[in-house]
Every structure is written in structure tokens, then in C-alpha cells.
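Trainee: I am new to this structure. Can you show me how to read it?
Mentor: Take a look, and we will go feature by feature.

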Amino acid sequence: MIKVQREDFDIGAELASLTEGKTGIGGLASFVGLVRDLADQGAVSVMTLEHYPGMTEKRLAEIEAEARARWPLDSVLIIHRYGKLEPGERIVLVATTSAHRQAALESCAFLIDWLKTKAPFWKLEQGAEGAAWVEAKASDDRAAEKWKR
Amino acid sequence: MKLLYFAWVRTNIGKAEEELAAPGHVQTVEDLLDWIATLGPQYAAALDRRNVIKVAINHEYVEHDHPVRSDDEIALFPPVTGG
């Protein structure tokens, strides 16, 4: 399931909903991305996340489908926020459930690695020095590259 | 064609989207970027780092040699930084 939203999310409620009434799930893996107060340019007071409505949902659905093709998963949940966020706020939640932990853990790592290089989101960081668009990192490209087949 | 701009492509050009009628010689994404760069100093500035600009046509990523059509929705943006 894909959700692209401005509002915050309740991690406990979201994770609980993935397993409610299901007894065949052996493991749930999750990743939560947060706004940091320190970036390459110095201290960050506000981060604004821009995205491409329409394309964002399509690319996230494609990434979910790819994870489901690679691992035997019961649920996949991706929630990604946009708009103005302050340090400490949640940006993204990725969660997967499966009968076995390895599929859940690996697919969760895969999803966040692929999302970072494929989903059309951009971060603008504002601090005392002014505003700057976050540059894509080569380390993120390498992290996504290792899942290539 | 409908052009959409995001992140620093948008802030350099000064608008988020516009309808453009490209001249007949604009056949590929590469041609389109060359032509857009001539539309004014702000366009030239936005396309200064043209080799890093990502292009999506109708929500799908394409390479710079991909053909463009007059009814396409074409988005130009920097490498993505979500997550």
C-alpha cells in the first residue's frame, strides 16, 4: 500500500494494521526516516519536501511490485510525507511483513534503497545560511545499485 | 507539450509548469533541452548542468535520446533526494 501525504503518521497504529487478524505472519520489518538538524550546509531549521503528484505514486507502486516479485511478502506499506517538516519529524515509513524474517528484513532495506533513487521527491533545506536543495548522494546510488539484477 | 519543472530546475526557471510549442526540429529530449536553454537567461541557468537533469515523459523516466511528442507531459528535474 502506498500513501503520499502531508500529515504525520502513527507508527504503532500503522504497523499494527499490517498484522491485525493475521496469524501466518512470522515477521514485520520497518524503517522510519527522520529529518535531521545537521546537513552538509550546516544547521537545518526547516526541510521542505517537494514531489511530482501522479508520478510519485506510480513509481512507488512499481517499487512495491518489484519487492513482491523478489520476496514472498504479505504486506508492503510505504508512507512518504511532503511539505514543510522540522528536525525530528518523520519523513517516511517503510514496512513489510512475511512468514519469515529474512524476506521482511531484506525487502524493507531494498524498498528504502530503491525509493531514495527512484521516487520523485526533492528536499530543500533551510537554515541560518539560507536555503539549499539537497544534492543526490553517490552512496545512495551505490546502495540501490547493489540490488540490481 | 506540457512542461513541468521541479526543485532547482523550477526555482531557476521561475515557474512550475507551462505549455510550450516546440519547433519542428525538436525530435528528442536532447533537442528539447537545447531549445529550452535558448528561451531566456533563467532557462539557460536551469539547464547549465544539463547532463545531471532527469527527464520523465508521461510519468516514466526516459533517457536524453528518447523522442518527444507534442501531446507529451514532460518533466525536468534534478536527481531525486527523497526517503
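Mentor: Start with Ala7(B), which counts as buried because it has 23 C-beta neighbours inside 10 Å. Buried means 20 or more other C-beta atoms within 10 Å of its own, exposed means 12 or fewer, and partly exposed lies in between; C-beta atoms are placed from the backbone. This is a predicted model: local features need pLDDT of at least 70, side-chain atom pairs count only at pLDDT 80 or more, and totals for chains, interfaces and linings use all residues. Residues are numbered from 1 along each chain as its sequence is written, while chains are lettered from A and ligands numbered from 1 in the order in which they are written.

Trainee: Where is Ala7(B) found?
Mentor: In helix H1 of chain B. Helices (H or I, at least four residues) and strands (E, at least two) are DSSP runs, numbered from the N terminus.

Trainee: What is the phi of Ala7(B)?
Mentor: Most residues other than glycine have a negative phi. Ala7(B) has a positive one, near 50 degrees. His59(B), also not a glycine, has a positive phi of about 75 degrees. His59(B) sits in the loop between strands S3 (54–57) and S4 (60–62) of chain B.

Trainee: How many residues of chain B are in contact with chain A?
Mentor: Contact means C-beta atoms, placed from the backbone, within 7 Å. Here 13 residues of chain B touch 21 of chain A. Helix H1 (7–13) and strand S5 (73–77) of chain B each supply at least two residues of that side of chain B.

Methods:
Two residues are in contact if their C-beta atoms, placed from the backbone, lie within 7 Å.
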